[in-house]
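This report describes one protein model in terms of its domains, strand pairing and salt bridges. The sequence and coordinates come first.

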Amino acid sequence: PSGPPLNITISSRSTSSLSFTWDPPEKYKQNGVIISYTACVSHSENGPCLEIFTTSKREWLVRNLNPSTKYYVRVLSSNKAGNSAYSESKGFFTNGRAAKKATDVTSTTLTFSLKIPSKTFLYFYVVALKLKDGKEPTSSDSYENSMLVTYVEARKSTNPKPYIAAVVASSGVDGNMFILGDGRNTSDPTSRKRISTSSDYYNGALEPGTSYSIFQRIALNDKSEYYSTDWSPASKTNEYTGGPRVLTKISSGVIKAKEGDLVNLLCSAQGEPPITFSWEKDQKPLESFTETEKPHRSSFLVVTVTETSFGKYICHIRDRFQSTTHTISIQKDTAPSGPPLNIKTSSRSTSSLSFTWDPPQKDKQNGDIISYTACVSHSENGPCFKIYTTIDREWIVRNLNPSTKYYVRVLASNKAGNSAYSGSKGFFTNGRAAKKATDMTSSTLTFSLEIPSKTFLYFYVVALKLKDGKEPTSSDSYQNSELVKYAEARNSTTPKPYIAAVVASKDENMFVLGDGRNTSDPTSRRRRSTSSDYYNAPLEPGTSYSIFQRIVLNDKSEYYSTDWSSASKTNEYTGKYRKTISAVFIDELS
């Protein structure tokens, strides 16, 4: 052929492919029947071919290309006699990568992260399209520049048309975030100032509950050379919710301050842009400044507190359609007017007491509680021998004496000062535990009890059968109502602490657990057969037990406990028993 193929054109493109078509050589230059075409793609005009394709058709789809990249294609034709010369090399761009789905959504705006070109460019258009019935748009490269309309024309059209929402110049790129529907105008590549002329490209408000997609058309030079990105995934605006929404978790509410403090009042809202703020106090306008570089909008008011600064500040918020208000109060900062509440022990031992408490009543805190100060003394409201300041509501007091009553009181503090102390509350440390049993049989264990040195009414000897070698929970954790009789403990599927005896005497400290006796009142250890007695029943052979003493101090139900004794194990049953034990069994069975 004496002439090359003609009119190389692009039929479609993507970020990784280019599809070419061409016409045969002029008829009189074919010199016979054209039997094939050979196409070459290269990185530069008439450069070495990076890929060659021979075909009998006049089309070629080149794959595995790079996005936003210019490739050159040329084609020759062949007949039976040989090949023509190559056509002129022609350059085409692959598409750039699409912007991702909108990252922030309102009922009239969508915020996209644009793909800023890495190569030199003059400017780019942001082109938007309202999607109808969920239909995907045709390829972005199929639209000539003359087919891209203004917002006003697109809005009037009965069929969706792609419109230029903004023009972004290379010199004006200061970030990649773009708000579609923000109401701004752009008219030339070097300015994004809002102008009111009808020839501007207007980034008009979007329709609520509607899907949109965008692409970028990048103009590379003044020779009308450009390429486009792919369409972004469809992004849908929110349904209109009716007016701006105050962000109460961010905005200020009630602020406690004192004269001389510098206070920042913050009013934040979301709504349909543009959002504006104004402030007033006592019906007088106040100057403030606005932060707009966030998904929400915020207004700050800085107040140096004086005697006249206390009171209500009203923040007026207006979005595109409606308005609302948010009220912030500055109140005089005063110390808590009420003390901490409900002091109690969470655990205790022979040498420590662990306290917890609740904060003052909410209406008596007068601001944020920043710390607590706890005091422990030997007498009610006596001098503190230990003081502890903490932001937590707990305190473990160590290095205390066993079987001793200590008093604790707590105050709360805020920025303005301290509350009064709470009422003083008394707690006993545990007494020392009985030692391991000194004598064992298959049904009894003999312990040396810890006889209280202080005056007491009586004490319980509380026993517990230990299961699977597990240690019992702290003796002080059991209320008196949780201490059962032997019969109930024996019938329970899980071990329960039972009262084996009531002791009212200081005369003797040896105690035989399992001796078969009954005690029913604090002044007698005589054996009784009534069902209301505390029965010190024989123990099970080859079984571990532990005991503690609960010492009742007075008729005001004041008591303390010893720690649990070390585990002691009864002997295995040998087949022999004493007559007295036999008699106990007979008595129990009656």
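The model is predicted, so local features are given at pLDDT of at least 70 and side-chain atom pairs at pLDDT 80 or more, while totals for chains, interfaces and linings use all residues. Residue numbers start from 1 along each chain as its sequence is written, and side-chain values use heavy atoms, with hydrogens and water left out.

**Domains**

The chain is divided into domain 1 (6-93), domain 2 (104-236), domain 3 (245-332), domain 4 (341-426) and domain 5 (435-570). These bounds come from an automatic or database domain assignment. Taken over C-alpha atoms, the centres of domain 1 and domain 5 are separated by 102 Å.

**Strand pairing**

Strands here are DSSP runs of E with at least two residues, numbered from the N terminus; two of them count as paired if DSSP finds at least two bridges between them. Strand β26 (residues 311-318) pairs with strand β22 (residues 276-281) in the antiparallel sense, over five bridges. Within that pairing, Cys315 in β26 is the bridge partner of Trp279.

β26 also pairs with strand β27 (residues 323-332), again in the antiparallel sense, and here there are eight bridges. Thr324 in β27 stands opposite Ile317. The two strands β26 and β27 form a hairpin, with four residues between them. In a regular strand, side chains alternate between the two faces of the sheet.

**Salt bridges**

How many salt bridges does the structure hold? There are 13, where a salt bridge is a side-chain nitrogen of Lys or Arg within 4 Å of a carboxyl oxygen of Asp or Glu.

| Pair | Distance |
|---|---|
| Lys281 and Asp282 | 2.9 Å |
| Arg517 and Asp515 | 3.5 Å |
| Glu153 and Lys161 | 3.8 Å |

Solvent exposure of these residues is classed by relative accessible area: buried is under 20%, exposed is over 50%, and partly exposed lies in between (1.4 Å probe, protein chains only).

In the pair formed by Arg517 and Asp515, Arg517 is partly exposed because its relative accessible area is 46%. Asp515, at 24%, also counts as partly exposed. For the salt bridge between Glu153 and Lys161, Glu153 has 40% relative accessibility and so counts as partly exposed. Lys161 is partly exposed as well, with a relative accessible area of 34%.
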